[in-house]
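Dear colleague,

Please find below the structure that I am handing over to you. My notes on its salt bridges and pockets follow it.

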Amino acid sequence: MTDISSTTSQAKPRSTLTLIIWVSLLLLLTALLIGLGTWQVERRHWKLDLIAKVDARVHAPAVPAPGPVQWADITAENSEYKHVQASGTFLNDKEAQVYASTALGAGYWVLTPLKLADGTIVIINRGFVPTEKRNPSTRPEGEIAGETTVTGLLRINEPKGTLLRSNVPADERWYSRDVTAIAETRGLQSVAPYFIDADDTKNPGGLPVGGLTQITFHNSHLVYAITWYGLAIMTLGMAGFLVYSERRRAKTAR
């Protein structure tokens, strides 16, 4: 009767070329996994730096909102969530309502153009109103007339819509705060390429409700880095085990 364990232990070893190919592939995979882990570490440093910068912007004293000379240089990285202030007159008849889901429930953001003294326009997200208050006629007290000053956070334009729903300007269906499209639909000129989320200063009549900006940053880079490095260690261990087992086979075959 043949001893199965004896037969297994006397299996013919792989050729040197085959072993080299397998070990090389495993080492290449290990290097790739280490690279991915290192990339996640670098991304984590970048994310933490971004969070620190944004936190500093939010809590810094308000500065004048960027003017036309600065518009071309505005990016999310260097300007978003900057604490800014602008003074002008609301063009209430040019208001747009953008669908919103907030801590206060479903409703709309009220976006109103603010015309500054130099003739340029900054669109202000004045805050949230519930669905039944979407029509401006239901909240006349909040339609501020005359010179006013708005303080809030600079936000970057949100073009076209969301992942699931596109803006339909012709039907006044807005799902993202696309200031470029809103300005075009309203026939506005010299409009800033950003908007301002108004702070929680109470508006007459209590609506819109400002100060609802959510500042969150997804930061799981450390978990990803540990995962990639862990897989790299496992792959390197597989390469070592393969060499060890082949050496044992070679000794047994002699």
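**Salt bridges**

Arginine 173 counts as partly exposed because its relative accessibility is 38%, where partly exposed lies between buried (under 20% relative accessible area) and exposed (over 50%), with a 1.4 Å probe and protein chains only. Aspartate 171, at 47% relative accessibility, is likewise partly exposed. The side chains of these two residues meet in a salt bridge at 3.3 Å, N to O; the term denotes a side-chain nitrogen of Lys or Arg within 4 Å of a carboxyl oxygen of Asp or Glu.

Please note that this is a predicted model, in which local features need pLDDT of at least 70 and side-chain atom pairs count only at pLDDT 80 or more, while totals for chains, interfaces and linings use all residues. Residues are numbered from 1 along each chain as its sequence is written, and side-chain values use heavy atoms, without hydrogens and water.

The structure holds nine salt bridges. One of them joins the side chains of glutamate 95 and arginine 139 (2.7 Å, N to O). This pair links distant parts of the chain, 44 residues apart: glutamate 95 is in the loop between β2 (83-90) and β3, and arginine 139 is in the loop between β5 and β6. Strands (E, at least two residues) and helices (H or I, at least four) are DSSP runs, numbered from the N terminus. Both glutamate 95 and arginine 139 are buried.

A further salt bridge is formed by the side chains of arginine 155 and aspartate 197 (2.8 Å, N to O). Here strand β6 holds arginine 155 and strand β7 holds aspartate 197, 42 residues apart. Both are buried. Arg155 and Asp197 also belong to a network of salt bridges with Glu80, Glu158 and Arg177.

**Pockets**

A pocket is an open set of points on a 1 Å grid over the protein atoms alone, where a 1.4 Å probe fits, with protein on both sides within 12 Å along at least five of seven lines; its lining residues have an atom within 4 Å of a point. Of the 23 residues that line the largest pocket, Ser101, Thr102, Trp109, Arg177 and Leu212 lie nearest its centre. β3 (96-102), β5 (121-130) and β7 (191-198) each supply at least two lining residues, and β3 gives the largest share, four.

The lining of the second largest pocket includes Phe90, Arg126, Asp199 and Lys202. Strand β6 (residues 147-156) contributes the most to this lining, with four residues.

Yours sincerely
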